[in-house]
Amino acid sequence: MRIDGTGLIDRARPLRFSFDGHAFDGYHGDTLASALLANDIRLVGRSFKYHRPRGIMTAGSEEPNALVTVGQGAAQDPNLRATTLELHDGLEARSQNRWPSLDWDLLALNDLAAPFFGAGFYYKTFMWPRAFWEKLYEPMIRRAAGLGALSGQANADRHEKAFAHCDLLVIGAGPAGLMAALTAARAGADVILADEDSVMGGRLNAENEEVGGQAGRDWAADVVAKLRAMDNVRLMRRTTVSGAYDGGTYGAVERVALHVSHPGPAPRECFWRITARRAILAAGALERPVAFRDNDRPGIMMAGAVRAYLNRWNVAPGRSAVVFGNNDGAHRTAADLLAAGVNVAALVDARLGATTTLDVPFYAGHVCGSEGRKGLEAVSIATLSGIEKVRADCLAVSGGWNPTLHIACHMGGRPDWSPDIAGFVPRPGMVPGLAAAGSANGAFSTARCLAQGAEAAQAALTDLGLKPGTPDIPRAEDGAYDITPLWSVPGKGRAWLDFQNDVTVKDVNLAAREAYRSVEHMKRYTTQGMAPDQGKNSNVNALAVLADATGRTIPETGTTTYRPPFVPVSIAAMGAGAQGKGFAPERFTTSHKASVAAGAPMIEAGLWYRPSYFPAPGETTWRQSCDREVGFVRGAVGICDVSTLGKIDIQGPDAGAFLDFVYTGMFSTLKVGRTRYGLMLREDGHVMDDGTTARLGDNHYLMTTTTAAAGPVMQHLEFVRQGLRPDLDLRLMPVTEQWAQFAVAGPKSRELLNGLLDTPIDSESFPFMGCGAVTLGGIDARLFRISFSGEHAYEIAVPARHGDSLFRLLKRQAEALGGGAYGMEALNVLRIEKGFITHAEIHGRTTAFDIGMQGMMSGKKDFIGKRASQRPGLMEESRERLVGLKPTGDVKQLTAGAHLFDAGAEATRENDQGYVTSVGFSPTLGHFIGLGFLKRGPERIGETIRMVDHLRGVETTCEVCNPVFFDPEGGRARG
Amino acid sequence: MRIDCPCCGARDIREFTYKGDALALDRPDPDAGDAAWSDYVHNRDNPAGITRELWYHDMGCTAWLVVTRDTRSHEIAAVDLASAVKEGVA
């Protein structure tokens, strides 16, 4: 019910919203929760396990009951807390976990079966038969017990991520946080003040009290205005700091546009990573309930929340209220209710000898039960003289306050128990650079919050080397807290601890009886604290009950581990920008457009995209295109973009010595203008990568790597240069993207080039494996006479800006000579015909010996991997070694990944003789060819063996042959 | 976690790539024997405490760094250039 008052709602700006399809009115400044209460809606959800009716319990992000779903279709957003969801025009919210409706929920039957649903019920009951778990029990339980659901569709809503740096991060903008931020900002520190509310001020906005002679909320607004005017302060409203990480890094989620009807291009949420040299945790405290029979009825709320609804939103949560507590906050709540004109039917104080000056019916005793169907109707009060029933539709409860210390414990720290406040407080130093202040530090009066905020800021300023100054601390209330611990009221029936996961006092006692005495075991057995609210208002009560049940003190029992995030953070926000292309960026070669225009299907090679083949009119299968393109290279000339291969520029007087150390072969002896094939090992003796390296000058080499290994090889070379051989004088620079490089391969390759080069070449100026500078059309280019096809071939490289035009030119010229562009399929067939290896063969477990390149390991020098490659076993004849394969059986196909067995042997793991790594149909030879590894391979050339592909169900017999199928003498490439 | 790169200043962990123990800098002589080589290639300690490890600043200056870190607290005691460590000047 809305009441008169001057809270933080704007009565000049009414809003319309709907809940479960019914339209309601509210005001700007309302949360969904305050607006529902203003409309006398008390039943807002059904509980997780028993489907009991539940109402709004708190006024903050700790809310366990009032979870709603907002939005439709793909944008459906479940489990939003009504207590932090700001009302906006047209907001459509729906209740959760009920069927068919909130008011009439069939699964409320679960509540009648509650005697069977205690702790460990699922574990004990659904054990047998085993196969039923996945198919029957789990889906059934998941449907019955739960929260809101995602749509299952891809959501196009925008999220964002951002980074910030500051001297001081202040977490929370209540009296302590505001005082800390103001003190630090005035001393010149770069300050970020983050607060999860839409209005800064913390409890000052919820209480009826004065600070510095003015209303608390006005003082807060003044400080915020001062801070906003300062250049060195960033105010972050609606931003919850969610975690503390190493090195002064904090995660925070900002709700950018959850509170506006038409967000436009604004992201819904932004996930921040804030790096702070110092931080102050001023996150306040969370009020805890008291467990008594049926303490979960709609209408039963936290006392501090009742004050917040009265004072900030001018909403009376009921017409007749009972207040129950074990600290002075109960009296404050009764006073605020009276001031708002709400009937206080009873004030119940659990403390011994308590009295009151308020004009209300006073009871020294406990609330021991509640009644009502879908909301509170009456409260039972136990005193020395017996049990009395009082009619009420609102019960405000305070069991005391727990400092919001979660962030301080995120790096594994355990808090200290403070008997003064009957609560845990942060131990200093648990997160380096972070100090707690105010209520988060167990200082509960406003005056002490202000003082601690200023002190914490002064300490941080001193650490930062800034002058702390003398802050002007305003006068504020400094009343005693005066708590007598009360966790649960004894009695029959169920008394709730964890409202979000439906855990009762009985469940915790049962866990203790069944020997789950450790707080971590009790948590997992009962699910206490495992819901999205992570037990914010229930964990301390639960472990107090466990302590009692196991005869230990609370500090002996200890807390469970606090882990980020402090509040649920949507994956969409945390992973913002990392969907689709943000997750896997696309790298395009300079010939990409021309290849796509030619109709080439592009395939992924790491992040690169490369043409698979270039279809010609009339071709209906990729094999037709591939066979034709292989023919271009074997018969005329083919063009292929090879720019994706890694290129590393190596310069310096010791470049040659460096290459001798990283390659198995010698490169210091390579002549300028020549290119050599190099094999690179890992230090464990296995092959890392291969490629050609050209000597462009006395002190200048250009290395090529495979496409996949470009990054790892660069990293490896830098490690060798800096970490192993800093004595060598050279520098490395990756230039992969600076040069566009094209293979020009085939018998007519020189003819094609000589049509384009400013100065024609011949076999003398560019012999096999020669390299050097050329010009075409006045452009400086590099030409390498190297071949990955076994034909007379070149690779020509130009600065990347000329790549597109050169590719188009080369392709046109090749077509005029009876050839054309070829793609990855043809490139693969061409290299298999020649027995050239790729990472299909050098897959990380093969040695130089395995691939028949043991002769390339120089005996004259040390090199990376040399010593380990000589270990016993790495040069055994019996190892699986590279061979060629061709089918001889009825099935004429080979498949990569198939395994090899002796003819006649059973195709089992024990009989495995090797495996197939690369296959292709060779149009040159007219049959399938393959490469593979076979035990004693080279000794078995001519043998017939059995190939079995268990996955694809392909089986054939093959002849073992030399891996070089075509032109074994190599005359075509040299000619 | 943040690493204070000697070239670039304090940077977020995501700019760096981890390699392993800084033992990798102490490559044995070719004729140091099987035991020394086996230790170098394969054997690493896994301490609960101070460890020296190699990080590569691949999103920054491409320097290899030796980071002295406490595995219990992630506290970083020192960050040195691997080249300086290797040459005995760090």
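Which residues does L395(A) touch, not counting residues up to four places away in sequence? In this predicted model, L395(A) touches G299(A), I300(A), A321(A), V322(A), F324(A), V367(A), S370(A), L376(A) and V379(A).

**Nonpolar cores**

- In soluble globular proteins, nonpolar side chains tend to be buried together.
- Here the largest nonpolar core has 175 residues.
- A180(A), I280(A) and L395(A) are the residues with the most contacts inside this core.

**Contact between chains A and B**

- On one side are 19 residues of chain B, and they are in contact with 17 residues of chain A.
- In chain B, α1 (34–42) and α2 (82–86) each supply at least two residues of the side that touches chain A.
- The most is given by α2(B), with three residues.
- By class, the side of chain B that touches chain A has ten nonpolar, four polar and five charged residues.

**Helices α10(A) and α11(A)**

- Two packed helices are described by the angle between their axes and the distance between the axes.
- Helix α10 (residues 505–513) of chain A packs against helix α11 (residues 519–526) of chain A at an angle of about 125°, and their axes are 10 Å apart.
- Because of this angle, α10(A) is oblique to α11(A).
- Their crossing is right-handed.
- D507(A), V508(A) and A511(A) of α10(A) make the contact with M522(A), Y525(A) and T526(A) of α11(A).
- Four nonpolar residues, one polar and one charged form this contact.

Technical notes: Residues numbered from 1 in each chain as written. Chains lettered and ligands numbered in written order. Predicted model: local features only at pLDDT ≥ 70, side-chain atom pairs only at ≥ 80, totals over all residues. Core = buried A, V, L, I, M, F, W, Y, C linked by C-beta atoms within 7 Å. Buried ≥ 20, exposed ≤ 12 C-beta atoms within 10 Å, placed from the backbone. Contact = placed C-beta atoms within 7 Å. Helix = DSSP H or I, 4+ residues; strand = E, 2+ residues; numbered from the N terminus. Nonpolar A, V, L, I, M, F, W, Y, C, P; charged D, E, K, R; others polar. Axes fitted to C-alpha atoms, helices over the stretch in contact; angles between N-to-C directions. Parallel < 35°, antiparallel > 145°, perpendicular 65-115°, else oblique. Left-handed = near helix turned anticlockwise from the far one by under 90°.
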